[in-house]
Amino acid sequence: MRPSFGAKASKDGVSFRLWAPGARRVDLVLDKRHAMRRREDGWYVADIAGLTAGARYQFRIDDELDVPDPASAFQPDDVFGPSEVIDHDGFEWRAGDWRGRPWHETVLLEAHVGTFTQQGSYRAMIDRLDHLVATGITALELMPLADFAGKCGWGYDGVLWYAPDSAYGRPEDLKTLIDEAHLRGLMVFLDVVYNHFGPEGNYLGRYAPNFFTDAHTPWGSTIDYRVPQVRAFAVENALCWLGDYRFDGLRLDAANHIMAFPGEQSVLHDLSVAAGQLAQATGRHIHLVLENGDNRASLLDPTEEPPNGKYRGQWNDDYHHVWHVMLTRESSGYYGDYQRSPRGDLARALASGFVYQGEVSAFWGNKPRGEPSRQLPPDTFVNFLQNHDQIGNRPFGDRLESIASPSAVEAALAVTLLAPMVPMLFMGEEWGSKKPFPFFCDFHGDLANAVRKGRRQEYAWAYAKYGDEVPDPLDPATPQSAVLDWDLRSPEHDARLTLVRELLHIRRTEIMPRLAGAAFGEAQAEDSGLLTAHWRMGDGTTLRLTANLSDRDVTSPNSTGTPIWGGEPGGRLAPWSVVWRLAR
């Protein structure tokens with residue numbers, strides 16, 4: 001069945017569809033105007049014989065405004081220009097027999113296309129795929145690609161959800177990147193934003209006001225998923241990325257800001273079911289992951305194969321926050337919720353997933369946050385020490401390596417990369433890059449001034465202390481400062497990379513084969529810095545962790561099993577040392 005939205009090329013020509021219930025008249029603008037026929041429920045349609053892929057077009061609304069297709073497959077001249085007809089069936093895939101990898105084999109690396117390489121393109125990323133494979137990464141996750149206004153940005157202000165941003169290349173370039181990744185055994189995930197549209201280049205409110213409610217998210221008007229056409233727009237978009245581009249999975253940004261109503265089926269459910277149907281029809285592994293500040297364990301089930309309403313996993317912000325507090329002693333913002341006992345909170349995350357499972361959170365408005373999560377398999381949780389948010393939402397975009405001791409960071413990596421949760425690194429973290437990743441965008445006029453004002457208010461203390469040293473998000477030098485330093489690695493960087501590769505080798509040989517069917521065990525933290533934890537693995541073995549997360553030696557407890565990392569500590573554990581064992 002053809003998608004409801006956008007332009008569809010065939011051997012006879014191209015058919016166009018636009019849902020514009022708020023428009024009195026819509027014309028298709030090619031080399032000349034073509035009046036579109038209005039059908040039921042506000043749909044406008046036009047079929048143009050003889051037209052081929054590559055044609056550029058716009059929609060003229062009520063003889064007043066020319067707009068791009070909201071389901072445009074490509075915008076060669078950014079979000080304000082004409083849309084281009086793309087024939088997705090015309091791409092010749094080389095990895096035709098690729099069916100993906102099971103979820104428990106996932107080791108993620110999050111990357112921003114524009115700063116991953118000096119060229120900042122899809123094609124340039126291909127040259128670095130072998131590095132990812134050699135490191136032990138099994139899945140590349142791209143920050144959002146939906147077309148946004150300007151030449152650079154993080155991607156979370158996209159307005160044309162179906163069009164991969166032209167700043168990084170053409171659709172066939174993105175497909176080639178994914179194809180080359182699959183040929184190397186790498187999955188590719190995409191971050192998608194279904195909770196709002198960006199502030200510049202979105203015309204839906206003019207001709208389809210039904211898309212939005214009067215409520216607002218922190219980033220813009222709330223999308224009204226009670227409207228069937230609006231719900232279909234998001235679900236079909238997910239299927240476009242998963243089907244036309246063959247992404248192996250999607251990560252849904254800030255799902256707690258996707259509107260849901262009591263007693264009504266959430267769009268999250270529909271999206272999961274549709275993805276599962278695609279997986280079943282194609283024999284592929286397709287993985288859906290949430291970012292959800294509400295810690296709703298009831299939305300998650302990594303064993304559901306194919307997806308049928310649930311989600312494989314969730315980014316575990318709790319896990320990041322407790323490590324960040326331990327390693328930096330920061331206490332501002334959401335870090336304030338993790339001050340009482342950071343090591344104890346870490347033990348809770350290791351023993352049952354979330355830290356907040358219904359407890360009151362001060363940062364979240366002194367309200368209960370989360371649901372019990374211990375009943376879920378450990379690999380439900382995507383654990384990380386850094387990601388784009390946790391680096392970029394700092395005044396200078398400074399990485400953990402710039403504010404914590406190397407030995408402490410390496411201990412955190414040894415815990416994170418071998419624990420039976422799904423680990424994620426941020427690009428360059430595998431070699432300890434200190435390249436900043438500050439927030440940046442390419443807005444103009446009043447909107448640019450509003451962004452600057454907002455940043456100055458949010459980080460008033462930093463501007464008061466450092467003044468103009470704080471990066472300007474609108475300065476072209478700011479995104480350039482974030483480009484990875486691939487060719488400037490030092491011996492220290494090489495040593496960190498060796499460490500990460502060794503840890504991921506152990507994960508591949510000792511942990512992954514035992515993850516299916518694994519279950520949470522127990523964890524305990526002591527005031528001395530000693531942390532112990534264990535999990536029951538799928539093959540019946542017990543995975544045991546013993547770590548000293550302090551700057552002083554501690555007494556090593558007796559523990560059974562064969563060491564797989566860290567050796568035999570003897571009677572004492574050195575500062576920031578980590579030992580992993582497997583026991584029958």
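The second largest cavity has a volume of about 60 Å³. On a 1 Å grid over the protein atoms alone, a cavity is a set of points where a 1.4 Å probe fits but cannot get out, and lining residues have an atom within 4 Å of a point. Grid points are joined across faces, edges and corners, and the volume is the space filled by probe spheres set on the points. The lining of the second largest cavity consists of Y225, R226, R231, M259, A260, F261, E264, Q265, S266 and V267. By class, five of these residues are nonpolar, two polar and three charged. Here Ala, Val, Leu, Ile, Met, Phe, Trp, Tyr, Cys and Pro count as nonpolar, Asp, Glu, Lys and Arg as charged, and the others, Gly among them, as polar.

The structure is a predicted model, in which local features need pLDDT of at least 70 and side-chain atom pairs count only at pLDDT 80 or more, while totals for chains, interfaces and linings use all residues. Residues are numbered from 1 along each chain as its sequence is written, and side-chain values use heavy atoms, with hydrogens and water left out.

There are five cavities of 30 Å³ or more. The largest cavity holds about 100 Å³ of space. Its lining has 16 residues, and those nearest the centre are P144, A146, W161, V192 and V193. Two elements, β14 (187-192) and α6 (228-244), each give two or more residues to this lining; helices (H or I, at least four residues) and strands (E, at least two) are DSSP runs, numbered from the N terminus. β14 gives the most, with three residues. The lining of the largest cavity divides into ten nonpolar, four polar and two charged residues.

Next come the open spaces. A pocket is an open set of points with protein on both sides within 12 Å along at least five of seven lines. The largest pocket has a volume of about 1,800 Å³. It is lined by 48 residues, of which W219, D389, N393, E458 and Y459 are the closest to its centre. α8, α10 (388-392), α12 (445-458) and α13 (460-466) are the elements that give two or more residues to the lining, and α12 has the largest share, six residues. By class, the lining of the largest pocket has 22 nonpolar, 14 polar and twelve charged residues.

One helix of that lining, α8, also takes part in a helix pair. Helix α8 (residues 317-328) packs with helix α9 (residues 342-352) at an angle of about 150°, and their axes are 9 Å apart. Axes are lines fitted to C-alpha atoms, for helices over the stretch in contact, and angles run from 0 to 180 degrees between N-to-C directions. α8 and α9 are therefore roughly antiparallel, a term for angles over 145 degrees. In the contact (heavy atoms within 4.5 Å), Y319, V322, W323, V325 and M326 of α8 meet P342, R343, D345, L346, A349 and L350 of α9. Nine of the contact residues are nonpolar, none polar and two charged.

Helix α11 (residues 406-418) and helix α15 (residues 491-515) form another pair, with axes that come within 9 Å and cross at roughly 20°. These two helices are therefore roughly parallel, the term for angles under 35 degrees. The contact of α11 with α15 has twelve nonpolar, one polar and three charged residues.

Definitions and conventions. Parallel < 35°, antiparallel > 145°, perpendicular 65-115°, else oblique.
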